Amino acid sequence: MSLKKRLAAAALTLSASGLLAIAGYEGYRSEAYIPVEGDVPTIGFGSTEGVKKGDTITVTGALNRLYRDVGVAESAIDACVIVPLTQGEYDAYTSFAFNVGRKAFCSSTLVRKLNAQDYEGACAELKRWVYAGGKKVPGLVQRRELEYQMCVGDL
């Protein structure tokens, strides 16, 4: 078994492959839409802040929002994770925090397990977050599986 190199979360940034993964999971939409019934309007690459139905965005504008929103997700990790992480763990948790938001990320069982150094258990928690509006969403199942693989170092 190889020894995983872990660094303080504050010393890490989202890798290029992690950024591409988020953009791929979210997909690009130039017009605001509701991704799941009962959800908030979303535009670009999964951006929700200040978005209203009828809004439009360019690819450049969407990329700028993506970078900003990734920064928000990274700040959640910096604020709530007190243990060192591998790059794969950091990328997976940034994607997860991007998707669920800072409050849900920081108050999750995943973060409690992670901060208790239950790395395997924390990665496994990702697979539980596949519901929206009380319904299992196939796209979330696929996303969480890929985040899990990233987390455990299989990608």
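**A serine and its surroundings**

Mentor: The chain holds seven helices and four strands, where helices (H or I, at least four residues) and strands (E, at least two) are DSSP runs, numbered from the N terminus. This is a predicted model, in which local features need pLDDT of at least 70 and side-chain atom pairs count only at pLDDT 80 or more, while totals for chains, interfaces and linings use all residues. Residues are numbered from 1 along each chain as its sequence is written, and side-chain values use heavy atoms, with hydrogens and water left out.

In sequence order the elements run α-β-β-α-α-α-α-α-β-β-α. Of the 155 residues, 43% are buried, meaning under 20% relative accessible area with a 1.4 Å probe, protein chains only.

S47 counts as buried because its relative accessibility is 2%. Leaving aside residues up to four places away in sequence, S47 touches P41, T42, R65, R68 and D69; contact here means heavy atoms within 4.5 Å.

Two of these neighbours also form polar contacts with S47 through side chains: R68 at 3.4 Å and D69 at 2.8 Å. A polar contact is a pair of N or O atoms within 3.5 Å; within protein, one must be able to donate a hydrogen and the other to accept it, and residues adjacent in sequence count only if both atoms are side-chain atoms.

Key:
Buried < 20%, exposed > 50% of the residue type's maximum accessible area, 1.4 Å probe, protein only.
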